[in-house]
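Trainee: I have the file open and I'd like to go through it. Where do we start?
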Amino acid sequence: MAARHDSQEDPSDAGSIGLPDFGDNIDPMTFEQILEMDDDEEEREFSRSIVFGFFEQAENTFKSMDTSLTNEDLDGLSSLGHFLKGSSATLGLTKVKDSCEKIQHYGAHKDETGNNAVSDSGLCLERIKITMKALKHDYSEAESILRRFYHDQPS
């Protein structure tokens, strides 16, 4: 029996709905699952609302993380890292998710893998400071890519 060929590309192909190259910032397969929920591929109202809601959530979470870091609140940082990890993973923001996971672990007095205890709170805070710089940089890159994708770049 001959294979059926549609005008649609094989969904297993990366970028099967015309996604740009996101590099290693965004997992295209995960992001594509969000895009598949859009009713209109031109307007992309559903996915746009999720992505732009994430931007707002991330910015607010960064402010809370900065406050928790100033207050040396490792438990709070662990919780905020966990929170942002989940929403960034949903969108396929790989680097953001990875940094959030490290912050979650460091806040829980563990190493970046979460497998080994770290008793030195100062060391955990220092590692969080370093990781937060990377997190904010990676978030900025992902935000820029997604704003271009949704044609929402400031002029």
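Mentor: With a term: an axis is a line fitted to C-alpha atoms, for helices over the stretch in contact, and angles run from 0 to 180 degrees between N-to-C directions. Contact means heavy atoms within 4.5 Å. This is a predicted model, where local features need pLDDT of at least 70 and side-chain atom pairs count only at pLDDT 80 or more, while totals for chains, interfaces and linings use all residues. Residues are numbered from 1 along each chain as its sequence is written, and side-chain values use heavy atoms, with hydrogens and water left out.

Trainee: OK. How many helices and strands does the protein have?
Mentor: Five helices and zero strands. Both are DSSP runs numbered from the N terminus, helices being H or I with at least four residues and strands E with at least two. Along the sequence the pattern reads α-α-α-α-α.

Trainee: At what angle do the axes of α1 and α3 cross?
Mentor: At roughly 80 degrees, and the two axes come within 7 Å. The two helices are therefore roughly perpendicular to each other; that label covers 65 to 115 degrees, with under 35 roughly parallel, over 145 roughly antiparallel and the rest oblique.

Trainee: Which residues make the contact?
Mentor: T30, F31 and I34 from α1, and A89, T90 and L91 from α3. By class, that is four nonpolar, two polar and no charged residues. Nonpolar covers Ala, Val, Leu, Ile, Met, Phe, Trp, Tyr, Cys and Pro; charged covers Asp, Glu, Lys and Arg; the others, Gly among them, are polar.

Trainee: And how do the axes of α3 and α4 cross?
Mentor: They cross at roughly 155 degrees and come within 7 Å. That makes α3 roughly antiparallel to α4. The α3 side of the contact includes L77, L84 and S88, and the α4 side includes V96, C100 and I103. The contact residues divide into eight nonpolar, six polar and four charged.

Trainee: Next topic. What share of the protein's residues count as buried?
Mentor: Of its 155 residues, 39%. Buried means under 20% relative accessible area, exposed over 50% and partly exposed in between, with a 1.4 Å probe and protein chains only.

Trainee: How many residues does the largest nonpolar core have?
Mentor: It has 35, and F31, F54, M65, L77, L93 and I128 are those with the most contacts inside it. The elements giving two or more residues to this core are α1 (28-35), α2 (45-70), α3, α4 and α5 (121-149). The most comes from α5, with ten residues. A nonpolar core here is a set of buried Ala, Val, Leu, Ile, Met, Phe, Trp, Tyr and Cys residues joined through side-chain atoms within 4.5 Å.

Trainee: Let's pick one. Where is L93?
Mentor: In the loop between α3 (74-91) and α4 (94-107). L93 counts as buried because its relative accessible area is 1%.

Trainee: What is L93 in contact with?
Mentor: Leaving aside neighbours within four places in sequence, N25, I26, F54, S88, A142 and L146. N25 is 68 residues away from L93 in sequence, yet their C-alpha atoms are 5.9 Å apart.

Trainee: F54 is there too. Which residues does F54 touch?
Mentor: Beyond four places in sequence, F54 touches L84, S87, S88, L91, L93, V96 and Y139. As for the whole protein, among contacts with a separation of 6 or more, 59% come from residues 24 or more positions apart.

Trainee: Now backbone angles. What is phi of H109?
Mentor: Near 60 degrees, a positive value in a residue other than glycine. Most residues other than glycine have a negative phi. R44 also has a positive phi, of about 50 degrees, and is not a glycine.

Trainee: Where is R44 found?
Mentor: In the loop between α1 and α2. R44 is buried because its relative accessible area is 8%.

Trainee: And H109, where is that one found?
Mentor: In the loop between α4 and α5. H109 is partly exposed, at 27% relative accessible area.

Trainee: Last one. E143: buried or exposed?
Mentor: Buried, because its relative accessibility is 18%. E143 is in helix α5 and touches F55 and E59, not counting residues up to four places away in sequence.
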